[in-house]
Amino acid sequence: MAVTGRASAFPERTAVRRSRSKTHIHPFLFVAPSVLMLFILLVVPITQAIVRTFESDAGWGFDNYVRAIRDDQLARLALRHTFFFALFSVIGQYILGFIVALLLNERLPLRGMFRVLFLLPWMFPAVVPGIVWRWIFDGLFGVLNETLYRVGYYDQMDIPTAWLGQTSTALGATIVANIWRGFPFMMVLLLAGLQSVNSELYEAASVDGANAFTRFRDITLPAMRGISFVAILLAWIGSFMNFAIVQVMTAGGPANSSEVFATLIYKNAFLYADANYAATLGILLLLMLMIPGAFYVRATMRSNRA
Amino acid sequence: MPSGSGLSRRRKQRLALVLKVLLALLLLIPTLFPMYWIVISSLKTNLETHSVPVTFIPADWSIHAYREIFDRRNFDRYLGNAMFVALATTAWGVFVAAWSGYGFARYDFPFKPAVMAFVLIAQSFPRILLVIPYFQMANRLNLTDTYWALILAYSTFIQPLCLWIMKEYFEQIPRELDEAALVDGATPYRAFWDIILPLARPALGATAIIGFLTAWNEYEFALVLTTTERVRTISVAVASFIGEFTTEWNQVMAAAAVGTIPVAIVFLFFQRQLMQGLTGGAVKG
């Protein structure tokens with residue numbers, strides 16, 4: 001109390017003193033450690049990577065980019081898979097996250113316990129979701145096939161589906177695992193959004209005779225637009241660059257049917273020992289992520305100013 | 001009849017509540033089943049994990065898998081590695097984020113908006129791109145297979161998010177507090193360290209948790225920057241237990257379970273702080 005009282009008693013003097021005695025070194029000494037770290041360990045490596053993209057067997061030039069964009073059928077396939085993976089992951093995470101957030105926003109008994117339980121998938125080390133879902137989807141000893149067998153999906157003579165071993169289902173299975181891992185974070189953001197909706201609006205609408213569906217459509221959804229946008233951007237970015245789930249579950253296989261950009265980059269860099277081409281694909285991935293990234297920056301900076 | 005309609009309305013509300021609880025329980029089944037499956041599979045024998053019909057409850061309970069990962073696969077080493085890397089990342093990463101976050105919150109400097117925009121967009125830099133130059137850099141500096149490479153990589157990687165959380169929190173602390181200390185003759189560093197930092201304990205907690213969880217859970221850097229078990233962390237170890245031809249799934253699941261325990265503890269005790277830290281920035285808009 002005494003401290004704040006003194007400061008506000010001499011506002012002008014404080015300001016004058018500050019501006020005169022302010023050696024301009026302080027801001028830099030404060031900001032330097034983090035900015036230097038980000039510079040040395042983010043900007044420099046990425047710049048190095050960019051330089052290397054222009055180097056190939058043919059010498060210096062745009063050969064790597066021509067190869068990636070025009071010639072590499074696998075890169076095109078991986079791009080399609082990545083879009084597919086991100087799109088369906090985000091749709092699944094959003095719908096599930098929204099439903100659970102709506103439920104947890106109600107006055108349920110044991111709400112706190114429900115909230116923690118729904119959050120659990122999100123705490124696991126990055127490789128664990130892929131590992132456990134790989135085991136669940138296992139064609140021979142997987143619990144999914146066992147369950148399907150017990151509910152009569154398979155006939156006695158049927159050969160159970162090898163979900164991760166056939167080209168038509170491998171990518172879908174990785175999406176399921178990614179939805180499971182990612183929906184809790186979506187739920188957290190959406191629940192925080194729901195809790196900041198002005199409850200007087202609902203009361204007024206109830207008085208006016210609006211039913212639950214109308215209230216949801218006319219109050220909840222519009223109020224959730226901002227947070228939904230940010231949540232979807234973050235989920236899209238996370239899914240688009242995801243490596244661990246696909247690498248652990250299928251490593252891009254079988255026959256590249258679940259190859260996404262991240263696994264393709266890893267293969268080029270560490271299996272085919274073509275670091276320059278891998279860096280080229282990495283820079284292309286970075287550029288594709290800069291679009292949602294820019295929207296995220298704009299949304300955050302704007303809300304920061306308000 | 002007003003009393004009658006009131007009663008039926010209450011009954012309707014109660015029915016709605018029951019339906020909501022049922023829906024929540026229904027959604028919990030797929031949410032929790034994989035965790036149940038990790039634990040159950042880890043308590044089976046290797047033979048039982050490779051037999052049909054698949055059992056939902058072990059016919060032959062066994063802690064053999066847990067014994068194997070510690071006795072034969074050096075899992076204690078990986079746990080120790082992960083713990084050291086995670087704690088060091090947390091200490092260094094949070095200190096830097098707090099120190100610089102204060103600078104961002106209190107001072108103006110040239111190109112500040114551009115630097116802030118860079119900090120934010122750095123969150124969408126794909127790790128898989130970064131590991132390529134990191135791998136080459138670590139090789140050149142003889143840092144491959146050392147703790148330092150991982151600690152530096154992780155404490156940089158958590159900077160954007162942690163810096164942002166700290167900055168937002170410092171901005172809510174009245175400037176008069178720093179100014180009073182400066183009037184009393186303290187240096188800005190003293191004012192930060194003695195007055196402001198202790199007030200930012202909730203934000204420090206949130207960033208510390210994020211640092212620990214990120215470092216413990218990370219996969220890409222650990223995969224590329226470690227080549228032997230000397231510094232390998234649990235993520236890579238767990239994944240490496242999956243063999244090319246045969247996999248002892250009970251051991252993989254035991255490793256997944258044990259590797260999750262530390263983050264589960266952190267998570268269950270601090271989930272409220274974690275959620276506040278994570279949603280603080282995003283929800284304001």
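User: Helices in this predicted model are DSSP runs of H or I with at least four residues, numbered from the N terminus; in which helix is the place of D178(B)?
Analyst: Chain B holds 14 helices and zero strands, and its elements, read from the N terminus, run α-α-α-α-α-α-α-α-α-α-α-α-α-α. Within that series, the run that covers residues 175-183 of chain B takes in D178(B), and this run is helix α9.

User: Is D178(B) buried or exposed?
Analyst: Leaving out residues up to four places away in sequence, D178(B) touches R106(B), A191(B), I195(B) and I196(B). The cut-off for a buried residue is 20 or more other C-beta atoms within 10 Å of its own. Because D178(B) has 22 other C-beta atoms within 10 Å, it counts as buried.

User: How far apart in space are D178(B) and A254(B), C-alpha to C-alpha?
Analyst: In sequence, the two residues D178(B) and A254(B) are separated by 76 residues. From the C-alpha of D178(B) to that of A254(B), the distance in space is 51 Å.

User: What span should helix α8 of chain B have at 1.5 Å a residue, and what is the distance between its end C-alpha atoms?
Analyst: Helix α8 of chain B covers residues 159-172, which makes 14 residues. The expected span is taken as 1.5 Å times one less than the number of residues, so the helix should span 20 Å. The distance between its end C-alpha atoms agrees with this, at 20 Å.

User: How many of the 14 residues of α8(B) are buried?
Analyst: The buried residues of α8(B) include Q159(B), L161(B), W164(B), K167(B) and F170(B). The helix is described as mostly covered, the count of buried residues among its 14 being 11.

User: How far apart are the C-alpha centres of domain 1 and domain 2 of chain B?
Analyst: The domain assignment of chain B places domain 1 at 2-42 and domain 2 at 66-283. The contact between them takes four residues from domain 1 of chain B and seven residues from domain 2 of chain B. On the side of domain 1 that touches domain 2 there are two nonpolar, two polar and no charged residues. The C-alpha centres of these two domains of chain B lie apart by 37 Å.

User: Which helix gives the largest share of the side of chain B that touches chain A?
Analyst: Between the chains, 84 residues of chain B are in contact with 87 residues of chain A. By class, the side of chain B that touches chain A has 59 nonpolar, 18 polar and seven charged residues. The largest share of that side amounts to 16 residues, and they come from residues 249-283 of chain B, that is, from helix α14.

User: Which residue is joined to P254(A) by a cis peptide bond?
Analyst: Most peptide bonds are trans. P254(A) has its place in the loop between α13 (244-249) and α14 (261-271) of chain A. A251(A) lies in that loop between α13 and α14 as well, and has a positive phi of about 55° although it is not a glycine. The cis bond to P254(A), with omega about -10°, is formed with G253(A).

User: What is omega for the cis peptide bond from V52(B) to P53(B)?
Analyst: The place of P53(B) is in the loop between α2 (46-49) and α3 (64-71) of chain B. For the cis bond that leads from V52(B) to P53(B), omega is near -5°.

Methods
Residues numbered from 1 in each chain as written. Chains lettered and ligands numbered in written order. Predicted model: local features only at pLDDT ≥ 70, side-chain atom pairs only at ≥ 80, totals over all residues. Helix = DSSP H or I, 4+ residues; strand = E, 2+ residues; numbered from the N terminus. Contact = placed C-beta atoms within 7 Å. Nonpolar A, V, L, I, M, F, W, Y, C, P; charged D, E, K, R; others polar. Domains from an automatic or database assignment. Buried ≥ 20, exposed ≤ 12 C-beta atoms within 10 Å, placed from the backbone.
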